[in-house]
Every structure is written in structure tokens, then in C-alpha cells.
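Please look at the sequence and the structure before reading on.

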Amino acid sequence: MNTSLDGVIGGTDTENSNAEIQNSNETPSKDEHHYANQLFETADTIIFGRTTYEGFTEYWDNVDILDTSKPDVETEFAKVFQRKNRVVFSRTLTQGPTNTLIISNDIANQVNQLKRQEGSDMLLVCGSELLSTLIELNLVDELQLIFSPKIYGKGQYLFGKLNKPINLTLLNSEEFKSGGILHHYKINKI
């Protein structure tokens with residue numbers, strides 16, 4: 001997940017009205033994009049909240065992978081993304097494409113069932129509400145956060161919905177040419 005140094009992931013309301021914040025967190029540098037391509041490639045399933053899912057699929061499912069005018073890094077991501085299984089947590093969606101499972105209730109049980117299935121890692125791409133819910137239910141094992149070299153001072157905070165402290169162990173860090181820094185953490189389960 002990308003965030004500013006002060007933990008802001010979007011605008012000041014649920015519609016992300018602050019375009020400067022929204023756009024800066026959605027445009028990864030080329031090396032950050034390469035990292036995302038590798039990360040998404042290793043996942044068997046991508047888990048989304050509805051809003052994030054709709055944003056990703058609206059763009060990435062419609063990228064023509066034969067279009068040579070697109071940067072290579074974007075075409076590669078589209079190839080990876082378009083073939084992935086997806087899980088979407090939503091109270092409003094009722095159906096999706098054949099590679100998409102919609103979950104509307106019993107989050108803990110549903111995620112535990114997914115975690116017991118064979119396959120590689122699941123990747124969580126979502127907003128603060130779903131992230132906080134899954135962390136508090138002890139369903140998130142690791143966090144990979146890219147901090148951009150920006151401070152906004154206001155906005156929608158990545159962990160703004162979390163109701164309890166969480167202890168982390170740093171697994172590794174990586175600096176990108178953009179000045180962004182990836183911190184990969186293990187969540188210490190209680």
C-alpha cells in the first residue's frame with residue numbers, strides 16, 4: 001500500500017475530494033511499479049474493498065496489453081492483474097466476473113477459509129476501514145507499505161480506523177529512486 005509519510009492515503013472524505021492527495025498516492029514511480037508487478041505476480045488471490053476494487057478493475061481490466069503506446073511496466077502489470085483471482089468485500093455488490101468472489105458478511109470465517117486453501121500468498125489492497133477490520137480480527141500477517149516523501153497533515157489515514165495498538169517486526173526495507181521507502185513488516189499476533 002502507498003501512503004504519505006504521515007499516513008495519508010486519500011482525500012478528506014470518502015469520495016476522496018482532495019485530488020492532489022489522491023493523485024500523488026495513485027501514481028507510483030517506475031521502480032515502485034516494478035516492485036508492485038513482482039508483488040502482484042507472487043499472489044494467487046488479490047483481496048479488495050469495493051471502492052479500491054472498482055478503481056483497479058475500471059482501469060487495469062481495460063488496458064489493452066497489445067497497445068505498444070503504454071509503458072512496458074504498465075502493460076506488464078495489466079497482464080498480471082487481468083489473470084488474478086479476486087475477492088471483494090462489499091455490502092452493495094452482488095456479482096462480478098468469473099474470477100471474482102464477492103463477500104458481504106462473516107468476514108472472519110470467509111478469510112480463514114481462503115487462508116486454508118492451497119496456493120500462494122493473498123495480497124490485500126484496500127482502504128483504512130477494511131484494513132483495520134482485518135488487522136483487528138488477526139487476519140493480516142504482513143504489511144508492505146511504501147511511504148512517499150510527502151506530508152499532508154490532513155486526509156484519510158491508513159490506520160485511522162484502527163481501535164487498538166498493533167506491534168510490528170520489520171522484515172526489510174527498500175528505497176526507491178522516487179524517495180519512497182518500502183517497509184515490510186510482520187504483524188506480531190497476540
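## Contacts and the model

Two residues are in contact when they have heavy atoms within 4.5 Å of each other. The model is predicted, with local features needing pLDDT of at least 70 and side-chain atom pairs counting only at pLDDT 80 or more, while totals for chains, interfaces and linings use all residues. Residues are numbered from 1 along each chain as its sequence is written, and side-chain values use heavy atoms, leaving out hydrogens and water.

## Overall form

The chain has six helices and 10 strands, which are DSSP runs (H or I of at least four residues for helices, E of at least two for strands) numbered from the N terminus. Along its principal axes, the C-alpha trace spans about 45 × 40 × 35 Å. Among contacts between residues at least 6 apart in sequence, 67% join residues at least 24 apart.

## Two nonpolar cores

A nonpolar core is a set of buried Ala, Val, Leu, Ile, Met, Phe, Trp, Tyr and Cys residues joined through side-chain atoms within 4.5 Å, where buried means under 20% relative accessible area with a 1.4 Å probe, counting protein chains only. The largest core has 21 residues, of which F89, L124, L131, L134, V140 and L143 touch the most other members. Its largest share, four residues, comes from α6. Leaving aside neighbours within four places in sequence, L134 is in contact with I107, V111, L124, L139 and V140.

A second, separate core of 20 residues includes Y35, A43, F56 and W60. Buried residues make up 38% of the 190 residues in the chain.

Methods: Buried < 20%, exposed > 50% of the residue type's maximum accessible area, 1.4 Å probe, protein only.
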